Every structure is written in structure tokens, then in C-alpha cells.
Amino acid sequence: MAIYKTITVKVGSNVLTHKNGMLNHERIAHLTSQIANLHKQGIGVILVSSGAVAAGRSLVPELSLKDSVSQRQVFSAVGQVKLLNIYSQLFDQHQLSCAQVLVTKEDFRTREHYLNMKNCLSALLANGIVPIINENDAVSVTALMFTDNDELAGLVASMMNTDALFILTNVDGIYDRNPDEAGARLIASVNAKKDDLEAYISTTKSDFGRGGMLTKCRVAQKTCAAGTAVHIANGNHDHIIEHLIYNPDQVNHTCFKPNGVKPALKKWMAHAEWFAKAEVFINEGAKNALLGPKASSLLLAGVTSIRGDFRKGDILQIKDSAHHIIGIGRAKYDKALAESHLRDKKYKPLIHYDYLFVHPETL
């Protein structure tokens, strides 16, 4: 029996390419075959695929551009065509259709855009079409790019409320030290709320991607806190997707287990911090209330200062006196009204609990 009925699968560049940067057609075919088999068994699969830039680099080795952003745009524009043609041909062999969905951070900036994206992916799945998602590097600018496709995959998994997110990379998971060091131990299970993994996760980035294991860990913790299970595993192992969905306990990998499912709105907010309009600083009493075991809204009585302007409905970053991020929330009213009632202890909350997401690393 399958453990999950719906999954988001993110495949990194180092899984899809050889060490020389050329696409690994055999590995792509094997991953496609697994997805097709799951699809035929009624399991919904959304694929977030890297590899376009790596594919473009192999197709245009003599690029006469020195600017890194321009290089990435050209590699992506050329490579995306190649990569999707390969996926399309492979899925055709399994009598399945696939669809390309290119996105940027701007597509998730507002709740309206977020729901439009969700409707698009839902329609594809409902019609038996496998969505293949990638960041639109050809038009993205540095300030508005995802950290890497791990971040995008976490957002998609939360948005589509899939049961799990599989992050496939070129190592077995998270280790207690550099995996190349003698005695390195694989961490099989992570408590998304309590475990601090930054002390020993390598910040080394992959050869062809933008992110490293630290990024994967942060995305996994945030996605898990929003209610989605996350598995980080080695995509170079045969049948890894099928093993994770049927017998995850028998696979060497790292699992982040959620403590419960969050409402859809909070799933969006878990990944919406890059769109914050302003910063709200709170005192220790408000901080303790937000981090306590009981659900708590952010009252104006706990706000010490506000930096930046905002309107009703805007996303706000919540920070403590040391400027550490506690969470994010949606403003119930604008800044002018907030400041006019800042010392009114009985005024309605600035952020209601239903529109508040507390970062897992602060709990």
C-alpha cells in the first residue's frame, strides 16, 4: 500500500546530469518511468525539475557573455526546450502527457496569483497530465529569484496540499557532519520544530544548481511545519521514488515528519515572507505568547515599533527586540490605524492567529 496519495517530487541538477554537465538520459528515463507507474496507480505526482540551465550549458558551450545573469538567461531559454522535449518523449512512451509550467516569485506574490497557479495545476492533474514545473530563469531577475528549486518545490507542495515532498539530490540525506568525513552519520528523522541542523550542515552548493543542503533543510522545516512530510533522498538510487512512497523506512534518507496539517492559508503564508511590506517589532511578552502552546494573535499592546509602510491585507514580518524573525502575518488594518492605537491595550489584534505563521526554528 502506498504511504501517500499525492506527492511533489523535486529533482536536482546533479541527479539529472553527469559530472561533465551533460544530461543523464538514462537517469531521467528511470525517474520518468517511476512517475508514470505511480500515475497509473492513481497517485498524483507533481514534478519540479531542475536541469534546464545545465542542459543549456552543454548545448551552448561557447557563450560570448560575461554577465552571469545573462548567461543564466540564455542557458535556461535554450536548455528548457531540450529538457522538456526529453520529458515529453519519455512520457509519450508511457501514454502520458506532460505540461510545462514556468513560474517566478511574482506568480506567488498575492493570494490571487497563488490561487490561479493552484487552479492551473489542479486542472492538469484532474485531466491526467503530469505538471513539470521550473523557475522561469529566462525572465527572472536576481532580486526576485527563488533561492533554488527546493524553495519552489516547498511552495508548490504546500500550495497543492500534497501528502509529501520528495527532494532528490546526489547524497542520501542530511548528515551530522560532512558526508565525506570518516564516521559521518546519516540523520534518519528530524523534528521540524526542535532540531537545529545548521551547526553541521555543509553550505557547499552543487556544481550545477544554486542551493545546498542548508537550503534544503530550511525548506524542509518550513514545509513540514506547514503540514507536509518531507523526504530528502538520493535520486541516483534506482526506484527511489517508489521506495519512498511504499517502504520509506527501508530507504536510507532523512525524513521530516509534520505534527499536523495546517489550513490552506497558512500553507501559503509559510512561504510568503519575501513579500513582506513592513517589519513589526514586539516585546518579550508578545514573543512568549506567540511561541507558547496556545493559539495567540498579535496584539498591539505587544508591538514596540513598526518599520515600513503597509495596508490592510499586506504581509508583515514579526521580529523580536534582537531583530530575529519570529514569524509572518497578514495585517488586519493599515499602519496609520495601527500607530494611532499603539498604546491601546484593548484594541483588536494587528494580526489574527488565523493569518499568522510562526517560524519552526523559533519554536
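Select helix 2 (residues 25-40) and helix 4 (residues 68-92). Their axes come within 10 Å and cross at roughly 50°. Helix 2 is therefore oblique to helix 4. Angles under 35 degrees count as roughly parallel, over 145 as roughly antiparallel, 65 to 115 as roughly perpendicular, and the rest as oblique. Axes are lines fitted to C-alpha atoms, for helices over the stretch in contact, with angles from 0 to 180 degrees between N-to-C directions. Helices are DSSP runs (H or I, at least four residues), as are strands (E, at least two), numbered from the N terminus.

This model is predicted: local features need pLDDT of at least 70, side-chain atom pairs count only at pLDDT 80 or more, and totals for chains, interfaces and linings use all residues. Residues are numbered from 1 along each chain as its sequence is written, and side-chain values use heavy atoms, leaving out hydrogens and water.

Now show side chains where the two helices touch. From helix 2, pick His25, Ile28, Ala29, Thr32, Ile35 and Ala36; they meet Leu83, Ile86, Tyr87, Leu90 and Phe91 of helix 4. Contact means heavy atoms within 4.5 Å. This contact has nine nonpolar, two polar and no charged residues. Ala, Val, Leu, Ile, Met, Phe, Trp, Tyr, Cys and Pro count as nonpolar, Asp, Glu, Lys and Arg as charged, and the others, Gly among them, as polar.

Stay on helix 2. Which of its residues are buried? Among them are Arg27, Ile28, His30 and Leu31. Buried means under 20% relative accessible area, exposed over 50%, and partly exposed in between (1.4 Å probe, protein chains only). Just after helix 2, find Gly42, with a positive phi of about 85°.

Step back to Asn24, in the loop between helix 1 (13-16) and helix 2. Asn24 is buried, because its relative accessibility is 14%. Leaving aside neighbours within four places in sequence, Asn24 touches Val15, Leu16, Thr17 and His18.

Next, select helix 3 (residues 52-59) with helix 4. Their axes come within 6 Å and cross at roughly 95°. So helix 3 is roughly perpendicular to helix 4. Seven nonpolar, four polar and three charged residues make up their contact.

Last stop: Lys312, in the loop between strand 10 (303-307) and strand 11 (315-319). Is Lys312 buried or exposed? Lys312 is exposed, with a relative accessible area of 66%. Lys312 and Asp334 are 22 residues apart in sequence, yet 4.7 Å apart in space, C-alpha to C-alpha.

Conventions: Expected span 1.5 Å × (residues − 1).
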